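Me: Please set out the structure below as a series of questions and answers.

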Amino acid sequence: MRSPHLADIVIPPSRQREAARSSAKWIGKSIPRVEDPKLLTGKGRYIDDLSLPNMAHAAVLRSPHAHARIIRINKSRAEALPGVVCVVTGRELSEVAASAVSFASPPITQHPMAIEKARHVGEVIAAVVAEDRYIAEDAVELIEVEYELLPVNSDPEIAMNATGDGVIHPTERESNVAYDETFDWGPVEEDFARAELVVRRKMRWGRAAGTPIETCGAVAEYDDANGYTVTSNSAFGNFIPWVLAGCLKVHPTKLKLIGVNNGGSFGTKVLLHKIIILTAGLARLSGRPVKYIEDRLEHFLNSDGHGPDRYYDAELALRRDGTMLALRFKVVDDYGAYLHFSVGTNGNPLAQVVGPYKINSVGMRLIAVLTNKCQQGPYRCFGAECANFVIERLVDAAARELGMDREALRLHNMVQPHEFPYMIPTGNIDDSGNYQAVLDKAKTLIDLPAWKSRQAEARTQGRRLGIGLVTCQERSVYSPTEWWFLNPVKTPGFALTSAPEGVQLRIDGSGHIYCQLQTPFIGTSSETMVTQVLCEQFGVAPGDIAIGYSDSHTGFNGIGANGSRFTVMVAGACVSASHRLKERLKRFGAHLLEANTADVEVVDGAVRVHGTDRHKTIAEIAIMANFFRKAFPDTPEFDTGLETTAVYDHPLATEPHPERKHLGIFYPIMGHQCHIAVVEVDEETGQVKILDYAAVHDVGTVVNPMTLDGQVVGGTANGIGTALLEEFIYDAEGQFVNANLGQFCMPSAHDVPHIRTAHLSTPSPFTEYGIKGGGEGGRMSAPAAIASAIEDALAPLGIEILQVPVPPPRLRALIRSATRPQ
Amino acid sequence: MKPIEIAFTLNGKPRSAEVRPRVLLSDFLRHQMGLPGTHVGCEHGVCGSCTILLDGRSARSCLTFAVQIDGSEVETVESLGTASALHPIQKAFQEEHGLQCGFCTPGMLMVARELLEHHDTPSEEEVREAIAGNLCRCTGYQNIVAAILSAAAKLRAEKETTV
Amino acid sequence: MKPAPFDYTRAASVEAAIALLASAGGEARVLAGGQSLVPMMNLRIAQPRHLVDVNRIPGHDYVRREGDELVIGFLARHEHIRSSPLVLEACPLMAAAYDFVAHGPVRNRGTLCGNLCHADPASEMPAVMLATHAEMEVQGPAGSRRVPAGEFFVGLFETALRSDELLVSVRIPVAPKRQGWGFHEVSTRKGDFAFVCVAALLQVESDRVVAASISAAGIGARAVRLLGLEQSLAGQPPNEATFRQAAEDASATVPFHDDALVPGEYRRELLSVLARRALLDAAARALSSDL
């Protein structure tokens with residue numbers, strides 16, 4: 001019945017060394033964050049806090065046109081302005097910088113500064129380096145550019161059919177369709193043929209982006225002897241510095257990348273290759289250290305981090321008894337002017353495309369269209385939030401058409417607790433879960449029966465009160481196969497399969513533990529996570545641990561904090577490193593205690609002999625191990641020092657089928673959420689007020705419930721914005737009309753209600769301590785939950801919510817159409 | 001555009017400086033006064049991460065020219081506490097997990113301080129209104145509200161013990 | 001986003017400020033609160049060659065009653081006005097509208113007069129000035145003049161103020177005892193500029209509307225009085241049916257501002273809905289004050 005190819009996938013045995021446990025001392029405790037003191041007192045050391053001697057400042061000239069050839073640039077007036085160090089054009093930058101990074105295959109070339117033509121409003125045309133940013137911006141205004149306007153393609157439906165000068169990358173793609181592939185995972189056609197009901201809907205997911213309060217930036221220096229040193233708020237860590245060195249046309253050893261604390265990323269600061277290359281190139285060409293920080297306008301227009309901009313045409317096939325059979329959809333995604341993450345944001349959702357339901361087969365046609373807009377990049381959930389929206393809307397529509405209760409329809413199809421690990425048609429697995437229990441918990445948390453009777457009463461008064469309920473997956477810990485497995489099979493590109501995370505641990509002569517991370521802090525409590533795991537491992541207290549950060553020369557493999565992977569992966573690396581160090585501690589300690597290594601263990605900050613009081617503290621051992629070599633035997637295991645580097649690889653990933661009949665296991669540490677939202681709609685104005693909201697999340701073992709709740713609430717707030725407020729508006733001329741924080745509206749304290757949260761834990765059998773990732777949080781479910789609630793409120797009018805966002809004018813338009821007398 | 005001399009009080013200390021008229025107070029504090037705790041998120045007066053106290057009242061430092069503070073009192077997040085001696089409001093933020101990335105936090109702390117100096121028992125509504133002009137992308141505001149309410153209680157208790 | 005260079009002078013008096021404005025030949029702008037001007041300067045949409053800082057001119061931050069007028073000086077900050085018991089008593093419409101204006105830090109610095117001179121089409125206070133029949137006291141090199149609110153707001157970000165004039169104060173007739181007020185607004189978030197807002201003042205006698213003053217912002221290039229609506233209510237019973245019909249008729253005839261963010265049809269509907277709601281509130285208040 002299922003795809004025969006799924007049988008090829010062998011679920012690797014678990015490599016878990018530390019099981020989930022209720023006796024944990026530190027894992028599961030809501031300790032205050034170790035990051036906070038510096039952040040609370042203005043000592044966060046963000047990128048713009050960094051200053052180097054003789055540093056100059058860059059400002060950029062942004063294209064005012066969405067599509068135009070650059071004919072001539074006259075920089076003489078700009079160069080003549082006092083305080084200007086130099087003015088650099090795209091052609092000049094290309095002498096020291098090659099093109100930026102692209103995971104697309106075949107690639108789509110992007111230069112950090114446009115050379116022949118501008119492909120979207122805001123693209124960098126030239127840059128000024130000056131003594132300060134004020135002067136740099138003055139000089140930018142003096143640069144004269146002659147453009148030849150080209151046809152603008154702002155609407156993907158139109159862009160798809162553009163020819164001639166309307167084609168955005170004519171040497172690399174014949175048209176603006178960058179990608180058009182169809183996949184079947186399982187017997188999709190047969191399943192649709194035997195369906196007794198097919199529910200079909202078109203849905204629209206509007207463009208927005210992470211929009212952290214801190215924009216992106218870098219500080220770079222160059223000299224011939226030391227090469228490049230670039231500090232930036234990239235969240236990607238030290239994974240591919242050698243690639244960036246290639247972009248900068250230097251030997252890999254001549255680029256050092258340094259990370260800093262990050263004022264929020266939400267995907268936007270993953271990689272940042274363009275900013276790094278641009279700033280570094282300016283440093284080299286100007287002969288000065290250069291700081292470039294995007295201002296807010298630049299960030300909107302040019303961040304390379306816009307979110308999905310999708311048009312779905314989706315169908316769900318079912319039997320009359322409510323059994324789901326198959327899901328099939330066509331998605332057109334407007335990727336903007338480049339394709340640096342390939343179509344990864346459409347590969348990602350395939351990890352959980354069927355939601356928590358047992359659907360037999362999945363078919364997808366994906367069309368990626370290039371348009372004259374800023375390109376897409378990572379945005380919290382990386383496209384999976386759209387898939388959640390699609391399946392949950394279809395399920396509600398099916399419930400209506402079948403005359404079935406929407407909870408009953410979900411329960412009828414949900415994976416059962418005894419069926420884990422469960423493989424979905426695309427090949428990914430859900431490692432553990434109890435979806436039914438999460439639903440029950442959410443219903444109790446919000447007292448659903450009470451709201452249902454309030455709703456009944458409200459309806460008698462003509463008030464539009466609605467209850468939304470969604471049950472969604474939250475995949476965590478990705479394998480990078482999703483970046484390339486949808487690329488054409490013959491040309492997958494850089495088909496990497498490593499997705500590691502590393503830590504370095506050292507115990508110094510005073511017995512304190514120094515942990516070096518290679519991933520910068522982005523707000524997600526990474527230092528606290530590590531502290532708690534190490535405290536658990538060694539039996540020490542948070543004050544005994546110092547967290548530091550490596551750079552690309554001193555660091556080790558790691559992808560960084562994204563894709564809800566960091567806590568799981570760094571916990572794995574910490575466990576590996578801790579186990580090794582504890583072995584050394586035991587060896588040194590046993591010698592000092594004149595005991596056998598097999599008879600000692602590390603407990604409560606000391607090496608203790610079983611069944612006795614005899615022990616040596618870590619500090620007592622550490623001073624000896626670091627300074628007194630001759631106190632120990634002359635064999636290698638007693639070499640001076642207590643330090644180790646450990647890299648932890650993905651604990652549960654397999655490769656995709658050579659012809660993509662399945663995608664392998666690529667995102668299997670599967671969290672689950674149930675969100676229930678209660679809203680009231682003002683029918684006359686289209687305004688939505690959220691009256692109550694409950695979010696129950698299963699992210700396996702929770703390291704710090706307080707910080708996990710922070711992710712849930714923050715992600716839910718983000719998702720409320722996605723549902724009700726946030727949309728980037730590009731007009732037909734490709735002008736980004738609302739590129740400011742006054743008109744692109746993110747939720748304020750008035751827009752986010754008090755969110756009730758609760759957890760339920762089905763530990764992962766595959767990760768250390770059973771932890772699952774939860775960082776993408778409530779954004780996975782909230783848009784669908786709010787849409788579901790509004791739809792329920794307006795059910796008497798027969799209105800369906802198949803689009804986000806629905807700000808008041810749009811919602812009012814839907815109501816108007818439904819209520820206009822025929 | 002000649003530099004202008006200004007004299008002012010900064011975090012309780014008398015200071016003086018020379019500044020060109022168009023330099024924004026946010027840049028002046030961060031780069032000329034060596035106080036990077038005040039953050040810049042938008043420079044059009046919406047995000048609130050640049051919020052400081054000017055003559056005791058919260059104000060956007062990105063919408064103020066440094067020349068304007070001549071004769072005024074300016075207080076930034078650095079006036080509150082230090083890592084080893086956190087101000088009660090800062091302590092409350094840590095206890096209630098009222099920050100994640102920390103970028104909006106200095107602005108939140110300053111409006112919280114202003115609110116609590118004028119209302120010792122604010123309601124949740126009043127707290128939300130006070131921080132409504134400060135955008136946070138991380139927390140969803142819930143814990144910030146809890147932190148400010150907790151800080152109010154701490155400050156009331158402090159007042160009672162010192163009376 | 002840094003502003004373009006400018007010369008800066010701190011004016012010590014109103015006369016000095018006016019002299020500076022006059023000598024700058026239209027190239028100077030007044031810096032009071034700066035909450036509207038400075039964002040525009042940071043975005044380089046506005047690039048004044050001279051800024052005349054009026055913030056230290058003493059004696060003009062008053063909110064006071066002069067006979068049957070509420071008079072507000074040009075340095076009175078929004079927050080001061082918003083929390084003034086005098087304003088609550090003399091002009092409750094304004095106090096209520098202030099609930100929708102920006103946020104604390106912006107209100108601490110921004111001034112009412114600065115906001116009026118900026119004349120944002122979606123700003124609340126211009127609508128309140130129109131509804132209350134306020135008068136602007138303007139001073140220039142040739143002396144003072146009074147400009148009724150109805151003549152002050154001329155167009156998109158455009159007022160009757162000449163480039164060498166300063167708006168020195170605003171004079172608002174104190175609300176008569178039996179006048180009811182209503183103010184409604186829809187915006188994306190609380191504190192944002194309005195999609196549409198409506199301010200309504202009503203007087204009722206013997207169950208008939210005897211006086212109505214209704215204005216709106218957000219529906220076009222500037223805030224406007226809804227004169228047609230006012231006329232249609234004269235002598236009518238102050239009930240839901242009257243207001244619903246009158247508001248619907250009025251909104252059908254007003255030309256609407258259509259843009260990429262908000263369709264004109266939505267503004268039209270909002271005007272009808274918000275006018276009705278504001279009138280209902282005003283009538284309820286007018287009638288309850290009768291007792």
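Predicted model: local features only at pLDDT ≥ 70, side-chain atom pairs only at ≥ 80, totals over all residues.

Me: In which loop is S342(A) found?

Reply: Residues are numbered from 1 along each chain as its sequence is written, while chains are lettered from A and ligands numbered from 1 in the order in which they are written. Helices (H or I, at least four residues) and strands (E, at least two) are DSSP runs, numbered from the N terminus. On that numbering, S342(A) is found in the loop between β14 (324-336) and α10 (344-347) of chain A.

Me: Is S342(A) buried or exposed?

Reply: A residue is buried if 20 or more other C-beta atoms, placed from the backbone, lie within 10 Å of its own, exposed if 12 or fewer, and partly exposed in between. S342(A) has 26 other C-beta atoms within 10 Å, so the residue is buried.

Me: Which residues does S342(A) touch, not counting those up to four places away in sequence?

Reply: Two residues are in contact if their C-beta atoms, placed from the backbone, lie within 7 Å. The C-alpha atoms of S342(A) and P107(A), 235 residues apart along the chain, are separated by 8.3 Å. The residues that S342(A) touches are F103(A), A104(A), S105(A), W483(A), W484(A) and N487(A).

Me: Which element gives the most to the side of chain A that touches chain B?

Reply: The contact takes 44 residues from chain A and 42 residues from chain B. On the side of chain A, the elements that give two or more residues are α1 (36-40) and α18 (705-724). With seven residues, the element that gives the most is α18(A).

Me: How many residues of α18(A) are buried?

Reply: The helix α18(A) has 20 residues and reaches 28 Å from its first C-alpha to its last, close to the 28 Å expected at 1.5 Å a residue; the expected span is 1.5 Å times one less than the number of residues. α18(A) is mostly covered, and its buried residues number 18 of 20.

Me: Which elements give two or more residues to the side of chain A that touches chain C?

Reply: This contact takes 25 residues from chain A and 17 residues from chain C. The elements of chain A in question are α4 (133-142), α9 (296-302) and α20 (808-819).

Me: How far apart do the C-alpha centres of domain 1 of chain C and domain 3 of chain C lie?

Reply: Domain bounds come from an automatic or database domain assignment, which divides chain C into domain 1 (7-53), domain 2 (63-173) and domain 3 (179-288). The C-alpha trace of chain C spans about 60 × 45 × 35 Å along its principal axes. Between the centres of domain 1 and domain 3 of chain C the separation is 36 Å.

Me: What ipTM does the predictor give the complex?

Reply: For chain C, the mean pLDDT is 96, and 99% of its residues reach 70 or more. For the complex, the predictor gives a pTM of 0.97 and an ipTM of 0.98.

Notes. pLDDT = per-residue confidence, 0-100.
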